[in-house]
Amino acid sequence: MINMATLSALCTLEGHQDQVWCVAWNPAGTLLASCGSDKTIRIWAEEGSQWVCKSVLTEGHQRTIRTVAWSPCGNYLASASFDATIGIWSRKEGEFECIATLEGHENEVKAVAWASSGNLLATCSRDKSVWIWEVTEDEEFECASVLSAHTQDVKSCTWHPNRDVLASCSYDNTIKLFKEEIDDWSCYATLESHDSTVWKVCFDSEGHRLASVSDDKTVKIWQEYLPGNQEGIPTVGNEGTWKCVCTLSGYHDRTIFDIDWSQVNGRLVTGCGDDGIRIFSEEVGSDKNAPSFSMSASVRKAHEQDVNSVAWNPKVSSLLASCSDDGLVKLWRFKDGE
Amino acid sequence: MAGFSSALQLTDLNDFITPSQECIKPVKIDRTAGKVGKIRIEDDGTYYNVSDTGVETKLQKAQITLNDCLACSGCITSAESVLITQQSQDELYRVLQENMAHIANNESFKLVVVSVSPQALASLAAKYSLSMADANRKLVGFFKKLGVHHVFDTTFSRNFSLLESCREFVRRYKESEVNKKVLPMLASACPGWICYAEKTHGSYILPYISTVKSPQQIMGSLDYFARCMGATPDNIYHVTVMPCFDKKLEASRSDFYNDVYSTRDVDCVITSGEVDLMLAKENISLADVEDGTLDTLFGADAMVGHTGGGSGGYLEHIARYAAGQILGTELQKLNFKSLRNQDFQEVTIEADGKPTLKMALAYGFRNIQNIVQKIKRNKCPYHFVEIMACPSGCTNGGGQIRLAEGESTLKDRLADVTGLYNSVPVQSPWSVESVTSLYEEWLGGVDSEKCRQMLHTQYHEVEKMTNALTIKW
């Protein structure tokens, strides 16, 4: 007999005055940043047994803040806003201070992400482009490349866990991979399979698998096949080929907006437009080339409205954060089944 | 929007030259008294209003005239499609055929003049494996066979661009002692850059841009030529052959419309790629075309070029002139230092006891971004920046001939084009006799009012459209 895994609510963090778009844990797992349509960023931390709001960062943007992302060192926070700019916040002196505003995108910036190597930032926008920025020694941010590979609004961008490779996904239904070659960055792979807008992609901890979620209500798992792979999948040059090896359909009733792959427990969590949060685990003995995932736990009505973002704590395996159009941030405890 | 430089594509060109998806022009409705009747649609699509008393009246089709469009501020004046069809090889054919008919009927006809840019010529020479001189002679032959009367090289008008740029730089440098907002001076020959600057950065960047016209537009202003031919600008159909599509936008700027003669300085821009399509349509290789006779109105009987790279050589010429005028030294060799990428290079000019001059080349959108942001934050270390929208500069323009199946690699083709471009013997603009004499005869001297009118232009901030109706989803 198998004991069911459970996902239970830990606490609700109130404070945002409008829909909350994104939640992000700092690399140490001690702070949670959230942002939303009220144009603020809130920083939450545990104090005793409570989670409290430690800071509210205002005056950084003139419109909705869509995504926040922590730098790998944990000292900087980047915010992507509908006001077409990206804010860079530094907490070197204790309190967060906006040290730079990156301009260049034509319109709403949808996402920002830091590469693990530390000096690269990626941003993407409704202007259909993906920008790569380099951080110089004196904390200056310079544009390294402007990539117009997508044909529509680019919803999100995510870096590979240990390579300077970027994945982006778009309203054009594709996922694209970018890397630097000689003098410039370019798109070297396009992953097509979803029937509608791809809202988010994320890599697993090794970086050989990718998970994507879409308006088509499915989760897709992609596997990388490197040159010389034993399955005989053809490759081009010295890059691997990505193939969709699993599609999870029938679990979600509406658009899936976010997905996160835990670096600690290997599970996937999704945030959906049907107000639910779901956890998926790969089955024991699953074939790498045709993996099977099952839904371990779910909360059908995790929030009162669309769940916009979900994030596993990078250090504490059982801790998870979510946020929603309902203006709330919630923390959850995941308990594994037997 | 294939072909336009990335700077223009990113700024959503449709924002300022677009067929409006949602016309917001209110249509005047003639309201007749009485109750609203029913509308009946016939099989052929005509609408009839059936009043409550049963009287049928056929309804007029709602019409929006072009004048309605031009007068309305909700949309932009020129539809992109109209613009493109007005400037293409098809349009050139049409004009040439019409002209031939006029000539045949002894009616008044237009003098058709084609100005070819050396970068466009290099693209043709590379495709057909010809030397620049051979490609030039054959292109002249090709055009003249089609009914073109004269073919010129824009290198000639580029002399004026370069000379004026040099003089303007020194003027600005001197003024920078009292006014910080005149340097860095930014090159103005690239319309992709100009359109992007006007649209996105507006008033804070425009004062830094050189007011000198591009070689294309100076060629168009040379009414001296018209006078020599006994013609007026409205009798001339001026075509230019360029390496990019952005030049088509430049030609259609209202600043380059001659109000006196109601004609554009440049009527039609075609790309080297479009010339190649013309050759394909005639089913002939440029190599097989019979040599034509070169036009020597401007004194040149052999091709000459300029130093400083495939985008006109603005930095090199200004650097040398400035070194002489400001630092009192003669530059031997310019030492370029590549910065973050090959399209971003800087040059430092030093002389004992004199202030250092720093200049840079910034090609491609990402490098333009960095320069503009530095200027915005008052952190730009350069006195002059040669800005071009296309990575690798004009020889790699978006309108250059594309590679066919199996034909070489992009890198090799660009190397060929650049090599051919550089193979033309150079001449300093300061020593071109016909240029010096034109300054006297046509412009009434250097620094004259006519110089300012003919050789300089101005820029205009373009208001950003935030009307949701115009967003192209």
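Trainee: Why does K128(A) count as partly exposed?
Mentor: Its relative accessibility is 32%. Buried means under 20% relative accessible area, exposed means over 50%, and partly exposed is in between (1.4 Å probe, protein chains only). With 32%, K128(A) is in between, so partly exposed is the label.
Mentor: Keep in mind that this is a predicted model, where local features need pLDDT of at least 70, side-chain atom pairs count only at pLDDT 80 or more, and totals for chains, interfaces and linings use all residues. As for bookkeeping, residues are numbered from 1 along each chain as its sequence is written, chains are lettered from A and ligands numbered from 1 in the order in which they are written, and side-chain values use heavy atoms, with hydrogens and water left out.

Trainee: What makes the phi of K128(A) worth a remark?
Mentor: Phi of K128(A) is near 75°, a positive value in a residue other than glycine. Most residues other than glycine have a negative phi. K128(A) is in the loop between β11 (120-125) and β12 (130-135) of chain A; strands here are DSSP runs (E, at least two residues), helices are H or I runs of at least four, and both are numbered from the N terminus.

Trainee: And D275(A): buried or exposed?
Mentor: Buried, because its relative accessible area is 9%. D275(A) also has a positive phi, about 75°, without being a glycine, and D275(A) lies in the loop between β23 (268-272) and β24 (277-282) of chain A.

Trainee: Why is the pair of W261(A) and F293(A) called edge-to-face?
Mentor: Rings of Phe, Tyr and Trp (its six-membered ring) pair if their centres lie within 6.5 Å; planes under 30 degrees apart count as stacked, over 60 as edge-to-face and the rest as tilted. Here the centres are 6.5 Å apart and the planes are at 75°, so edge-to-face it is. W261(A) is in strand β22 (residues 256-261) and F293(A) in strand β25 (residues 293-299), 32 residues apart. W261(A) is buried at 3%, and F293(A) is buried at 5%.

Trainee: What about F169(B) and Y173(B): how are those rings arranged?
Mentor: Their planes are at 40° with the centres 6.2 Å apart, so that pair is tilted. F169(B) and Y173(B) are 4 residues apart in helix α7 (residues 155-175) of chain B, so about one helical turn separates them.

Trainee: What lies over the face of Y188(A)?
Mentor: K179(A) does, at 5.1 Å from the ring centre. A charge sits over a ring if NZ of Lys or CZ of Arg is within 6 Å of the ring centre and within 35 degrees of the ring normal. In chain B, R167(B) lies over the face of Y439(B), at 5.0 Å.
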